[in-house]
Amino acid sequence: MKFVIAHLYYDLMNLYGESGNVIALQKALEQLGIDVSIEFITIDDEIDFSKYDLVYIGAGTEKNQLLALEHLLSYKEELWKRMSHLSFFATGNAIELFGREIIDEHQVSHPALSFFPFRAERKNMRIVDEVVATCDFLKTPVIGFQNQKSVIEYLKNPVFQVRQGVGSSPNTKYDGIMTKQFFGTYFIGPILIRNPHLLTYYVKQLVKKKDPEFKMKRLNLTFEKKAYEEHLKQLELTEK
Amino acid sequence: MKYIMIIIGKIILFCGKLLHRGSSLPGKIILRFYPHFMKKIKLPDKIIAVTGSSGKGSISSTVAEVYRKLGYRVAHNVAGSNLTYGIATLLLQYCSIFGKLKCDVLVFEIDERYAKYVFPDIKPTHVLISNISRDQPPRQGHFDFVYEEIKSALSKEMHLILNADDPMLQIFNLENEFQVTYYSMDQNQYSYPKSKFKNLNITHCPVCHHKLIYDYYHFETLGHYHCSHCKFQTPKAKYHITNLNFDTPTMTINEKYVIQLPYDMLYCAYNTLAAFTIVATTEKEEKKIATYLNALNVKQKNHLHTTFQNRNVYILNNKNENATTFNQSILFTDRHDGKKTLVIGWKEISRRYQFDDLSWLYDVDFELFARHDIDTVICIGLHRYDIATRMKYAGIDEKKIKTFESLEGVTACLEKTKGDIFAILNFDLVLPFQESLKEGDSK
């Protein structure tokens, strides 16, 4: 099997170690014997979405987010057409590109891709916190970090229940969207590396979408698991 | 009121010194009871402020020392208390009871987020912004936010001193509203044509948003650039490093002044040039400035290089949550050929807060190690497995990666490794590591 990842706006939407997620996916897929290639694409480039299996976008500054949005909007119709074949993965404020609109700090509305009906609004503050969240399909929690200027007040069918941390907006206690085509979360940085169980689950979803008959095998994530367990241990100590 | 408050402030300052208490407490107390204190102080004609993500302490100390050598009386926040209270303490320390600062030049380093609180009261004549890097994301948010904070502190009467090689700093003067003196480093034997670093703060033109093209790079986004679409380009600098030699280690400014560097690292060259530019902008005695800088740098002891069982050890001091400091260390390591053992670690990520944000670890381009002959990587601390994971993803064979919760057992492990040792450590592990090496070597 060949798997092609488009790392979109790799040079503009890369605030918090976001490239770690792409490396994690690449190494995991390669362990499964899959031939992986990554294309790095930015606002100067033309995009042929028919070439890719997965599109990844990370977090960016508020200015860069709008530059990326402007570029991505020119592909809105094409993206809609390819929804069923393509997978999308967005971390940090990249999730906002897939909502209905982004309200900036001057209360100006920037229409987004409208994959989902939510609206993101920039606030005069930043949400910065360590996160522990749970979801239906994983036995142990997902750990992460938030560092965002905007909030999503209402999110239909969120994927994560936030046990510690803020959520997509103060006091919402939920975050993220996961469908067959799309996985997005406000959690920043290399969440797939910090959460080996989430990586294993997500890689399985990606592979099975492309080939339902594909035989999975166990990934070697020894260091990742030890790091994850160490964090859980520290969190328990903090709680006590 | 003013005189009474200054006398009380000076008594607190005196008591603080006796009790060896915090360097910013007197400033905190005086501002609490007399908020206009800083505004009421009569300041000298020359006021130099140094701000930016890194280098401000070393640049401002060097500048203060050179002014002293030139015969000026200098007030400087030498203890590094660079927030509002620290600056108030500095004024208290140097002012007469009548509120006049007893100095010819005021030099102060100021935290990049606090310039906006201090500059309205102490308006600098010259402001050097060293850089804006990826630094403490949980506290700073990101570099654009830091830019906005500094920009809001500036007014057009201030003379800016900027590194021409950094496109991010040019954003301060896109409207040509400031008088600016630029400094720059010419292409040299260490420059490289293709970017070695991936996670950069600026890759597109701040004017028209087209891609920036580089003729060469010195480090991260530092280099000689121009926009692929408009006229945005490296501005013309007044002071240049025309020659750089890390073997000696020396640099030459404008082909005339050869200056000894304290360390063979790029930031030392830039910081020395920055200090030279500040003083040369206000004084006309370039030759004297260079002579004093040279003497100053020679005196500094090089703590970086030591040996362990007849192997070279390079101890590189870094700041967690600041990818740029780690990338500097990686670039330093990348300059050295031959087999290597790497030691990477820290005690805690941050002393400021409880958060364990690790995302910055993936902004550091450890991938540059993949082309080197690495014997072993030793990962130390509570986050040893996170570091080990990062090294694995950087392309290092898992079998070569060892983990240690503390320094215990590290020297014994080092004995079994090969090659020069490059210890890339957060500052909280530098001294303990040095000590453990000494103990290990004396056994």
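Biologist: In chain A of this predicted model, which strands does helix 1 lie across, and at about what angle does helix 1 run to strand 2?
Modeller: Helix 1 of chain A covers residues 19–31. The helix lies across strand 1, strand 2, strand 3 and strand 4 (87–91) of chain A. Its angle to strand 2 of chain A is about 160°.

Biologist: What is the strand order of the open sheet of six strands in chain A?
Modeller: The pairing in this sheet of chain A is mixed. Its edge strands are strand 2 (35–41) and strand 11 (177–178) of chain A, and each pairs on one side only. Read across, the order is 2-1-3-4-12-11.

Biologist: In which sense do strand 1 and strand 3 of chain A pair, parallel or antiparallel, and which residue is the bridge partner of Ala6(A)?
Modeller: Strand 1 spans residues 2–8 of chain A, and strand 3 spans residues 54–57. Three bridges link the two strands, in the parallel sense. In strand 3 of chain A, the partner of Ala6(A) is Val55(A).

Biologist: How many helices and strands does chain A have, and why is chain A said to be as compact as a globular protein of its length?
Modeller: Chain A has six helices and 12 strands. The globule rule gives 18 Å for 240 residues. Chain A is as compact as a globular protein of that length because its radius of gyration is close to that value, at 17 Å.

Biologist: What share of the residues in chain A is buried?
Modeller: Along the principal axes, the C-alpha atoms of chain A fill a box of roughly 50 × 45 × 30 Å. To count as buried, a residue needs 20 or more other C-beta atoms within 10 Å of its own. Of the 240 residues in chain A, the buried share is 48%.

Biologist: Now chain B. What is its radius of gyration?
Modeller: Chain B comes to 15 helices and 17 strands. For its 443 residues the globule rule gives 22 Å. The value for chain B is close to that, so chain B is as compact as a globular protein of that length: its radius of gyration is 23 Å.

Biologist: Among contacts in chain B between residues at least 6 apart in sequence, what share joins residues at least 24 apart?
Modeller: The C-alpha trace of chain B spans about 70 × 55 × 40 Å along its principal axes. Buried residues are 49% of the 443 in chain B. For the contacts you ask about, the share is 72%.

Biologist: Which strands stand at the edges of the open sheet of nine strands in chain B?
Modeller: The order in chain B is 2-3-1-4-5-6-9-10-11, with mixed pairing.

Biologist: How many residues lie between strand 9 and strand 10 of chain B in their hairpin?
Modeller: Strand 9 (residues 239–245) pairs with strand 6 (residues 179–185) of chain B in the parallel sense. With strand 10 (residues 250–253), strand 9 of chain B pairs in the antiparallel sense over four bridges. Asn245(B) stands opposite Thr250(B) in strand 10. The number of residues between strand 9 and strand 10 of chain B is four.

Biologist: Which element gives the largest share of the side of chain B that touches chain A?
Modeller: 28 residues of chain B are in contact with 31 residues of chain A. The elements of chain B that give two or more residues to this side are helix 7 (137–140) and helix 13 (384–393). The largest share is six residues, and it comes from helix 13 of chain B.

Biologist: Why is helix 13 of chain B described as largely enclosed, and how many of its residues are buried?
Modeller: The buried residues of this helix include Arg384(B), Ile387(B) and Tyr393(B). Helix 13 of chain B is largely enclosed by the rest of the structure because its buried residues number 10 of the 10.

Biologist: What is the mean pLDDT of chain B?
Modeller: The model scores ipTM 0.96 and pTM 0.94. In chain B, 97% of the residues reach a pLDDT of 70 or more. The mean for chain B is 93.

Technical notes
Residues numbered from 1 in each chain as written. Chains lettered and ligands numbered in written order. Predicted model: local features only at pLDDT ≥ 70, side-chain atom pairs only at ≥ 80, totals over all residues. Rg over C-alpha atoms; globule rule 2.2 N^0.38 Å. Buried ≥ 20, exposed ≤ 12 C-beta atoms within 10 Å, placed from the backbone. Contact = placed C-beta atoms within 7 Å. Pairing = 2+ DSSP bridges. Axes fitted to C-alpha atoms, helices over the stretch in contact; angles between N-to-C directions. pLDDT = per-residue confidence, 0-100.
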